[in-house]
Amino acid sequence: MRQTVATILREYGPFPDVVQIGGVSYDGRSIWIATGHRLCAVDPGSGKLVRSLDLPANAGTAFDGRYLYQIAGNRIQKVDPADGRVIAAVPAPAEDASGMAWAEGSLWVGQHRGRMIHEVDPETGAVLRTIQSNRFVTGVTWVDGELWHGTWEDDTSELRRIDPESGQVLEQLDMPSGIGVSGIESDGGDIFFCGGGKSGGLRAVRRPR
């Protein structure tokens with residue numbers, strides 16, 4: 001396993017009326033952050049909030065190229081980003097569902113204290129398979145065929161690249177002391193956007209190549 005210290009490229013926030021960030025996603029133009037009762041869009045260039053959708057948004061967020069998916073308690077809601085309309089919902093795989101990502105036609109949903117990542121059918125909510133972790137899972141993302149997840153446990157936090165079959169940790173980026181990860185999403189290139197939990201902030205972290 002390769003282990004290095006994460007490089008923080010930029011910090012975003014604080015944002016107006018945002019006291020906590022759960023899920024994080026990226027639609028190619030905006031960074032979406034789940035803030036409890038709103039799903040907010042952040043312009044990655046200016047760092048400012050540009051839109052918000054009023055809906056339950058307490059944990060993971062994902063984007064499939066057209067729709068947003070948002071964990072809302074014990075459900076995953078499918079949301080039209082144009083107007084915030086909820087067009088479908090499926091059961092979440094666990095009560096402590098946390099991070100979420102879209103890849104290869106499936107939702108990949110973290111189970112926080114259960115220390116798992118579930119591949120979920122977005123149409124039915126059925127769990128297709130489960131990957132076991134040995135740390136709390138606080139965010140999930142796929143990029144270039146790599147599965148990464150965030151952790152935050154015992155006041156330490158990391159970004160981990162794992163084998164999607166075995167769950168073995170292949171690479172680990174240790175976050176600086178005092179900085180946690182409450183959600184993670186790739187920009188499709190060299191950056192991870194990471195939520196900062198109750199700090200209400202957002203960070204851009206370099207993805208190693």
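In the hairpin of β12 and β13, 4 residues lie between the strands, and Arg115 takes a positive phi near 60°. Strands here are DSSP runs of E with at least two residues, numbered from the N terminus. The model is predicted, so to speak with care: local features need pLDDT of at least 70, side-chain atom pairs count only at pLDDT 80 or more, and totals for chains, interfaces and linings use all residues. Residues are numbered from 1 along each chain as its sequence is written, and side-chain values use heavy atoms, with hydrogens and water left out.

Now look at how β12 meets its partners. Two strands pair if DSSP finds at least two bridges between them. Strand β13 (residues 116-120) runs antiparallel to β12 and is joined to it by 5 bridges, with Gln111 opposite Met116. Strand β11 (residues 97-103) also pairs with β12 in the antiparallel sense, over 5 bridges, and there Ala103 faces Ser106. β11 and β12 form a hairpin with 2 residues between them, where Glu104 in the turn has a positive phi of about 55°.

Is β12 buried or exposed? Buried means under 20% relative accessible area, exposed over 50%, and partly exposed in between, using a 1.4 Å probe and protein chains only. In β12 (residues 106-111), 6 of the 6 residues are buried, so the strand is largely enclosed by the rest of the structure. Ser106, Trp108 and Gly110 point one way, while Leu107, Val109 and Gln111 point the other.
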